[in-house]
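Subject: Structure for your review

Dear colleague,

Please find the structure below, followed by an account of what was found in it. I would be grateful if you would read the two side by side.

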Amino acid sequence: MIKLDSKVPAGPIAEKWTNHKFNMKLVNPANKRKYDVIVVGTGLAGASAAATLGELGYKVQAFTYHDSSRRAHSIGAQGGINAAKNYQNDGDSVFRLFYDTIKGGDFRSREANTYRLAEVSTNIIDQCVAQGVPFAREYGGTLANRSFGGAQVSRTFYARGETGQQLLLGAYSSLNRQIKLGNVQMFHRREMLDVVIVDGKAKGITVRNLLTGEIESYAAQAVILATGGYMNVYFLSTNAMLCNATAAWRAHKRGALFANPCFTQIHPTCLPVHGEGQSKLVLMSESLRNDGRVWVSKKVNDHRPPNEIPEDERDYYLERRYPSFGNLAPRDVSSRSAKYVCDEGRGVNGGRAVYLDLSDAIKRLGANVIKEKYGNLFDMYQNIMDEDPYKVPMKIYPAPHYAMGGLWVDYNLMSNIPGLFVAGEANFSDHGANRLGASALMQGLADGYFIIPYTIGNYFGSEKPTKADVNGSEFQESKQQVKEITNKLLSINGKQTVDEIHKKLGHLLIDKVGMSRDEAGLKKVISDIAELRDEFWHDVKVVGKGEELNQTLEKAGRVADFLELGELMAVDALNRDESCGSHFREEHQTPDGEAVRNDKDFAYVAAWEFEKVGKWNLHKENLEFEFVELATRSYK
Amino acid sequence: MGWFSKFINSSIGKKFIMAVMGSFLMIFLIIHLIGNFTLFFGPNAFNGYVKTLDSIKPLIRVIEVVLLAAFVFHIYYGTLLWWENKKTQGGKFIGKYKINGSKQNSSFSARTTFITGSIIFIFLVLHLGTFFWRFNVYDPQNLAENHQYFVIVNEFFQIWWYVALYVIAVILLGYHLNHGFQSAFQTFGWNNKKYFPFIQKTGTVYAIIMALGFASMPIYFFFFYGGNL
Amino acid sequence: MTNTNINLTLNIWRQESADAKGDFEQFKVTVSSDASILEMLDELNNKLEKEGKIPIAFESDCREGICGTCGLVVNGHPHGPLPKIATCQLHMRNFKDGETLFIEPFRATAFKVIKDLIVDRSGFDKIQQAGGFVSFNTGSAPDANAIPIPKEIASLALDSAECIGCGACVAACKNSSAMLFVGAKVSQFALLPQGQPERYERVMNMVAAMDEAGFGSCTNTYACEAECPKGISVTNIARMNRDYFMAVIKK
């Protein structure tokens, strides 16, 4: 029986992390060399963890399926990174960032973790500046800030619309330094397909060499998964094409609990879908909502061009419904509002898009100021949509973007499997039921630079794990299992391509486990997904061989996992019979369409244990709120 | 390896040598052109100019050695870079692009430096074989005493193929210089968004002056001066 | 957006491995003008898979022009004939009905072909490992506002730091030179105060790694700047040259 222990240290919230750091076991410098750590994924969380562990003296092996660790999708983050620096003197503090994050997450995250995130946020900015990340500056040379959704202070640091890229390149540079120094060994083009557990502890991984198809084993005393989120389960999302859940999911199937899988964020400001052949959705930074106003026509099925719709026939629905936050309402609220107006037929040309209009700001500040702030976003928009956003309001629509759910971890970011740590978007920890803008970069770097390097030492110091034999039976068994899956996929030789089935899964999920959910729909989608999974295993066509570069095979393995994860998302959504954050159950809303939480019955983390495909056991970690009062989230 | 050999064997070091030698040669060309303009002022002016140079022979010899070194290094490193760069583009299983897009992304003069340089080199050999050899080696004593420099120039510039080759070579030199001038600034690191367009234009003007300047003499002699001494 | 279909003839480079002979294979496709060129290849691959044929191997990831994974040479231009975009941002509306396209991998000795349109760009990582960093350990950073940096310097550094490491500069260069890539990283740190302590050692190490990785020498044709999806300027190369001479003198 699994017992969930969050291991949150006692004491006042502001002192928990400091005290915990003092109480944790240390590993002396000479002994650190004796510990091997495997880091899977080299995005913000993975690269920062690998680099910092290398600096500390551990022997690190880092893995990525990319050709270079600089390609991870952290690079796609545009808008910025939050930190409670209060450089703007506008009343920000660690507690306020903590409170905004907890509230933004609709009180479904662990207080202590979220507080720690806010606490180390300031160190991250120092760290990144020291690395040479060229953040935006004021004329006086100090750092500039902008505001973001869900906050009334300006605490977001940014580098044009390329903040994620710059932060990732910073972490990548630290990682490169450790590779040069010999502390980190880098493995490119390797996809993790299994975690190897010896005597109940994570002791290694099984990977596929994507160039040769060879299945390889690697052993270490601890494994860190920093493998990102699973939003590509929806097929169309803002995630990069290669983003997948496989590493996390295979760990889940080895016993790691999966927490809150139904908490999936649909980002409000993305470009609308253009057609069936579309491969992914493109995000326009939420920072545009700083200066942009979101509106639709008051009329149903209005086919007039936007410039011909007079002011009094426009419905600035976010400003109307949420006067105090207006266009900066949190993501879940904004997305759902867009869905509603489009459901009413008031979207652009009666379709699924709303206007994001910067013309007031352009008039007020001048096109040059807007260009400086958002130039690259405007260029991107023009390139994709073939319209000039300086003249015509942009069309946007929500798109799947970020997974708040993920592998369950305790305060030390260790899963329920000893030695298996999970960092960044891959874990469930800090964002509750909804993540605020500019907080993903913050969490990835907090986990990697400032949390795991401490807590892993505690694990080594207290458990003193030994290194397993890479040729041992557990490794052999894991390799065998991976090979069997590969062979199975290659042998089906059905009629449908991997993408076709993936698209079907995406349609099912976005429809029933998307921006709003209801009991009947969820029940139906659970059986539909099970059927689709069956279809996959009987009718998928994977061409080529296993012992070569085979992108179809890579995709097939990932979609096979999505077909299981998708079902768990629906199972979790069905179980959570309340509305909170991104999880909006039609049954639980106020007359004017606001989410109604049920704190009495659902103030817990739903951590799912894998029993067999299509069958999970629920474990609950109750959320205690000692330092913030559970309140109805209001942005009115 | 010592720091200097490490430097000159690095990719940037080789460029640096190309640029230093090239710059020296560009300065030489200006002086050479100014001197040659005396041809337009008749035999006395030109012969006087050559004689003046003759009177400071030891200094000229030193300059000539430096000039020779500049040519040798410029040509040697140019060839070396060309050869090494050839090896970086493809190979047995890599090959060339089916469609060459370089016309849209680079200038003619930048792409063709090696070819223009090679042709200029052939011309240079011929040029030295005619004027330099005749002035300095063949019978310098006689030439000096009989004021024959101008006569010899005129002689060569009456040969149609020599004139044609001369003109073609200096036009190619213009292209070579058009690239070389701004390229030297770039290599030295003197590229700034503000003033670089000016340098590029200056380079083009310089290249045109050099090409037209040097081409004007054979054309003048062949078409207008005739044989009337 | 006006969605129309266009018919194209595609000549796509197929090559089994680095040491196999490659050749063009011709395909006729009908594609939506709103699709990107990679979406067109997705559709084509889907069709090939259905027919039991091996799909065309090509790389892409973010499809927003920031990760630098994709990189095809379309009609002789890395990332296609349009300026300042990555391959994934090349939309089919830029081509005419009935047009013939040649789609090839980046070609350079330093970028060995792995399969079809995928090349090995690990040389870039090796250059970055040689010195593309500021040496300091996590936790030892001073307060972020302790070092004021003029707005235009930060902006200039970001202009350099925007490089996505795609390799188009090498692919465009007739000498397969990586100097724009290296120059951009060297410049970012040379401009910022954080980069000063290691400034000259860094440029020495990175240039040495660049030469070792088999990239060619720059002959200032500026094709790299013209084809760069981020418009990285060749002034970065000039800055690197300058720093390199200073390094030779000082170090």
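Just after H10(B), Gly189(B) takes a positive phi of about 90°. Helices here are DSSP runs of H or I with at least four residues, strands are DSSP runs of E with at least two, and both are numbered from the N terminus. The 29 residues of H10(B) should span 42 Å at 1.5 Å a residue, and the distance of 41 Å between its end C-alpha atoms agrees with this; the expected span is 1.5 Å times one less than the number of residues.

Please note that this is a predicted model, in which local features need pLDDT of at least 70 and side-chain atom pairs count only at pLDDT 80 or more, while totals for chains, interfaces and linings use all residues. Residues are numbered from 1 along each chain as its sequence is written, and chains are lettered from A and ligands numbered from 1 in the order in which they are written.

Contacts between chains

Two residues are in contact if their C-beta atoms, placed from the backbone, lie within 7 Å. Of the two pairs of chains that touch, chains A and C have the most contacts. This contact involves 65 residues of chain C and 63 residues of chain A. On the chain C side, H1(C) gives the most, with seven residues. That side comprises 28 nonpolar, 20 polar and 17 charged residues. Here Ala, Val, Leu, Ile, Met, Phe, Trp, Tyr, Cys and Pro count as nonpolar, Asp, Glu, Lys and Arg as charged, and the others, Gly among them, as polar.

Chains A and B do not touch, and their nearest C-alpha atoms are 18 Å apart.

Domains of chain C

Chain C is assigned domain 1 (5-115) and domain 2 (122-136 + 143-250), with bounds from an automatic or database domain assignment. Their centres, taken over C-alpha atoms, lie 29 Å apart. In the contact between them, 18 residues of domain 1 of chain C meet 16 residues of domain 2 of chain C.
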